[in-house]
Amino acid sequence: MSSLPIGYLTRKEIFSACHRLHSPQLTDEQNKNLYGKCNNFHGHGHNYVVEVTLRGPIDKATGMVMNIYDLKIYMNNAIMNTMDHKNLDKDVPYFKDIVSTTEHVAVFVWDGLKAQLPNPEILYEVKIYETEKNIIRFRGEYSS
């Protein structure tokens, strides 16, 4: 029995959203000191770039890890339909009690994709560029 080669498939989406970094667990002064200008009462926005990478066997018959069109649909559901041109703190229920840091956005995307993928174990990484210089990676790891 021969083994199949492993491939990495990455697709990118770009969405725009605003948010305010503000933790209800901290005082207003602590929030201001911690988050600085990102704690602006009226929020601020980003053009987020999200790269989703799948890792899995390259199917012998199709030559694919997954049909990229299917991945596009899953990403539209998990990212574009839920966060594009939204206020993350007010329009996305997930962030009601969670600070809308890019780290948490990555976890939100990961969880949304995992729930849709027919083979969720091939989800390898969610990488988000909040800015050209600020990049977050999440690979589904949780501490105990």
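User: Which residue in β3 is the bridge partner of cysteine 18?

Analyst: In this predicted model, the partner of cysteine 18 is asparagine 87 in β3.

User: What makes β1 and β3 a pair?

Analyst: Two strands count as paired if there are at least two bridges between them. Strand β1, residues 6–19, has two bridges with β3, so the pair meets that condition. Its sense is parallel.

User: Why is β3 called an edge strand?

Analyst: The open sheet has five strands in the order β3-β1-β2-β4-β5, with mixed pairing. Strand β3 (86–87) pairs on one side only, and so does β5 (135–138); these are the edge strands.

User: Why is cysteine 18 called partly exposed?

Analyst: Buried means under 20% relative accessible area and exposed means over 50%. Cysteine 18 has 26%, so it is partly exposed. Cysteine 38, at 23%, is also partly exposed.

User: Which residues lie nearest the centre of the largest pocket?

Analyst: They are Arg20, His22, Asn87, Asp89 and Lys90, out of 17 lining residues. The volume of this pocket is about 320 Å³.

User: How many residues of each class are in the lining of the largest pocket?

Analyst: The lining has seven polar, five nonpolar and five charged residues.

Terms used: Residues numbered from 1 in each chain as written. Predicted model: local features only at pLDDT ≥ 70, side-chain atom pairs only at ≥ 80, totals over all residues. Heavy atoms only, no water. Buried < 20%, exposed > 50% of the residue type's maximum accessible area, 1.4 Å probe, protein only. 1 Å grid on protein atoms, 1.4 Å probe; cavity = no way out; pocket = protein on both sides within 12 Å on 5 of 7 lines; lining within 4 Å. Points joined across faces, edges and corners; volume = space filled by probe spheres on them. Nonpolar A, V, L, I, M, F, W, Y, C, P; charged D, E, K, R; others polar. Helix = DSSP H or I, 4+ residues; strand = E, 2+ residues; numbered from the N terminus.
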